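Subject: A structure for you to look at

Hi there,

Here is the structure I promised to pass on. Have a look at it first, and then read on for what turned up.

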Amino acid sequence: MKPFTVHTGLVAPMDRANVDTDMIIPKQFLKSIKRSGFGPNLFDELRYLDEGQPGADCSQRPLNTEFPLNFPRYQGASVLLARENFGCGSSREHAPWALEDFGIRCIIAPSFADIFYNNCFKNGVLPLALDAADVDRLFEAMYADEGYQLTIDLERQCVIEPDGRETGYQVEEYRRYRLLNGLDDIGITLEHADAILRFEAQAREARPWLFDAVGAREQTS
């Protein structure tokens, strides 16, 4: 997982409340359990005029020219500005996979659905819950300034606007540690690799018959 320390990126809007995970990545794309390849189908029903199907070449599909992420001014955006209750609906982890694969590193909204919020941290996307008034102000500034960028400083826990104004936020320390160091569930487990190997060695010495049985079963399977 890519570490998140300080990120400066173009901001794009998702200016609607209660964006659910089926809107983020529709159900027909959930057959794959790979973490990559979902970016072209992010917000599929909003971005395209036809119905998307897994494996389809999205470069040939008709675009919805009224959807903001298709606007030229938002191409390459890596910060998504959203409204309340972002990521509600089903618990699919494919939603943050699609956002990350598209290039979104941070989502700013007044509130998030709990499961989606947790899944973002596990997949390298930073969800920031700011006061609704701050989000309103950022929307206004973004719409007024083509090319509007924000700097998200996770080390100092603040959002820095182009004029230097800073808005602080708090991220639970364990989640912050994982993002700063790029540690997903596997990565955080491997931090204890030496202790795991010591335990396995001790267990093999104390119960050799157990490991012999497992090895024999693997050979016959």
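Let me start with Arg-176, which counts as buried at 14% relative accessibility. Its side chain meets that of Glu-173 in a salt bridge, with 3.1 Å from N to O. Glu-173, by contrast, counts as partly exposed at 47% relative accessibility. In general, an α-helix has 3.6 residues a turn, so residues three or four places apart point the same way. Please keep in mind that this is a predicted model.

Over the whole structure, the search finds 10 salt bridges. Asp-15, Arg-83 and Asp-136 are linked in a network of them.

Arg-137 also comes up among the neighbours of Glu-161. Leaving out residues up to four places away in sequence, Glu-161 touches Arg-137, Leu-138, Tyr-148, Leu-150 and Thr-167. You will find Glu-161 in the loop between strand E6 (158-160) and strand E7 (166-168), and at 9% relative accessibility this residue counts as buried.

Now for the aromatic rings, where the count comes to nine pairs. One of them is Phe-86 with Phe-112: the ring centres are 6.4 Å apart and the planes meet at 80 degrees, so this pair is edge-to-face. Phe-86 lies in the loop between E2 and H3, and Phe-112 in the loop between E3 and H4, so the pair ties together parts that are 26 residues apart in sequence. Both residues are buried. Ring pairs also link Phe-86 and Phe-112 with Phe-116, Tyr-117 and Phe-121 in a cluster. Elsewhere, Arg-61 lies over the face of Tyr-48, at 3.8 Å from the ring centre.

Helix H3 (residues 94-102) is worth a look too. Its buried residues are His-94, Ala-95, Pro-96, Trp-97, Ala-98 and Leu-99, and they pack against helix H1 (21-24), strand E2 (79-82), strand E3 (106-109) and helix H4 (114-122). After H3 comes Gly-103, with a positive phi near 120 degrees.

Most residues other than glycine have a negative phi. Asn-18 has a positive one, about 55 degrees; this residue is found in the loop between strand E1 (6-14) and H1 and is partly exposed, with a relative accessible area of 44%. Gln-157 also has a positive phi, near 55 degrees. Gln-157 lies in the loop between strand E5 (149-153) and E6, and counts as buried at 13% relative accessibility.

Finally, how many disulfides does a search of the whole structure find? The search finds zero. For Cys-88, the closest cysteine sulfur is in Cys-120, 13 Å away, which is too far for a bond. Cys-88 is buried, with a relative accessible area of 13%, and Cys-58 is buried at 12%.

Key:
Residues are numbered from 1 along each chain as its sequence is written. This is a predicted model: local features need pLDDT of at least 70, side-chain atom pairs count only at pLDDT 80 or more; totals for chains, interfaces and linings use all residues. Side-chain values use heavy atoms; hydrogens and water are left out. A disulfide is a pair of cysteine sulfur atoms within 2.5 Å. Buried means under 20% relative accessible area, exposed over 50%, partly exposed in between (1.4 Å probe, protein chains only). Helices (H or I, at least four residues) and strands (E, at least two) are DSSP runs, numbered from the N terminus. Contact means heavy atoms within 4.5 Å. Rings of Phe, Tyr and Trp (its six-membered ring) pair if their centres lie within 6.5 Å; planes under 30 degrees apart count as stacked, over 60 as edge-to-face and the rest as tilted. A charge sits over a ring if NZ of Lys or CZ of Arg is within 6 Å of the ring centre and within 35 degrees of the ring normal. A salt bridge is a side-chain nitrogen of Lys or Arg within 4 Å of a carboxyl oxygen of Asp or Glu.
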